[in-house]
Amino acid sequence: MSTNPYDSEAYVRANRFDPTHLAKVTRLLDPKAGAKVLEVGCGRGYLTKAMIEELDLDVIGTDVNPNAEGEAVSDRVRAMSAEDLDFPDDHFDHIVTVHAIEHIPPIEMAFAEMTRVLKPGGTLLAIYPAEPIQGLFAIPTSIILHGTPFKAREVHCHKLTPSKVRAIATPFGLTETHHEFNLLRSPQFVSVFQK
Ligand SMILES: C[S@@+](CC[C@H](N)C(=O)[O-])C[C@H]1O[C@@H](n2cnc3c(N)ncnc32)[C@H](O)[C@@H]1O
């Protein structure tokens, strides 16, 4: 029996594209055509696909769900955990992670790995929910993954703010260059770091 709570076909199939994330990649990272980009926690890879097709980037999407590759909308999606990235040091120009870091219990390990594979001078864009109560926005996911709403705080195991994310990221050598709060669609924070 799998101990990976994200080993769910139903969960990856429920994943949807949000074009506002592509707009944030353009506005906040301003990536050059051909730049190497890693997306961490990409689900079916909608944003990975859009970054390839609309921004002409060289993107790999990764997700801990072993069903992600099979259900992916792009052939550039790989099943891989954020805490153990199978890429060389200093490899990517940019890293993008959208509504994923709040799911990762060893979030420091994920930041250590993302920093390791980012080139010096490279940038990391993290988008994560602005929850007034931890787990509030994870109730549907808790039902899909666990059959109950009451594990929503296990799903969103962190209630993050830009200052908390900065405190996690800074010791690994990342410097925050921007953060913002967005209200519409769902309330969320955005942080940008440079290595
Ligand atoms: C809310 S979904 C977001 C998916 C996609 N980024 C999006 O915005 O539509 C969270 C994703 O994080 C993935 N995830 C959870 N823990 C992870 C980990 N440790 N490493 C990589 N991905 C993880 C889940 O499998 C899921 O696909």
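Arg13 and Glu71 form a salt bridge (a side-chain nitrogen of Lys or Arg within 4 Å of a carboxyl oxygen of Asp or Glu), with their closest N and O atoms 3.3 Å apart. The pair joins distant parts of the chain, since Arg13 belongs to helix α1 (residues 9–13) and Glu71 to helix α4 (residues 68–71), 58 residues apart. Helices (H or I, at least four residues) and strands (E, at least two) are DSSP runs, numbered from the N terminus. The model is predicted: local features need pLDDT of at least 70, side-chain atom pairs count only at pLDDT 80 or more, and totals for chains, interfaces and linings use all residues. Residues are numbered from 1 along each chain as its sequence is written, and side-chain values use heavy atoms, leaving out hydrogens and water.

**Salt bridges**

- The structure holds 12 salt bridges.
- Glu9, Arg13 and Glu71 are linked in a network of such bridges.
- Glu71 is buried, at 18% relative accessible area, whereas Arg13 is partly exposed, at 42%; buried means under 20% relative accessible area, exposed over 50%, and partly exposed in between (1.4 Å probe, protein chains only).
- Lys195 pairs with Asp90 in a salt bridge whose closest N and O atoms are 2.9 Å apart.
- Because Lys195 lies in the segment after β7 (188–194) and Asp90 in the loop between β3 (77–79) and β4 (92–98), this pair ties together parts that are 105 residues apart in sequence.
- Lys195 is partly exposed at 27% relative accessibility, and Asp90 is partly exposed at 39%.
- Glu113 and Arg116 form a salt bridge with closest N and O atoms 2.7 Å apart.
- Both Glu113 and Arg116 lie in helix α5 (residues 107–117), 3 residues apart, or about one turn of the helix.
- Within this pair, Glu113 is buried at 13% relative accessibility, while Arg116 is partly exposed at 24%.

**Packing of helices α2 and α3**

- Helix α2 (residues 19–29) packs against helix α3 (residues 46–55) at an angle of about 55°, with the axes 10 Å apart; axes are lines fitted to C-alpha atoms, for helices over the stretch in contact, and angles run from 0 to 180 degrees between N-to-C directions.
- Helix α2 is therefore oblique to α3; angles under 35 degrees count as roughly parallel, over 145 as roughly antiparallel, 65 to 115 as roughly perpendicular and the rest as oblique.
- His21, Leu22, Val25 and Thr26 of α2 make the contact with Leu47, Ala50, Met51, Glu54 and Leu55 of α3, where contact means heavy atoms within 4.5 Å.
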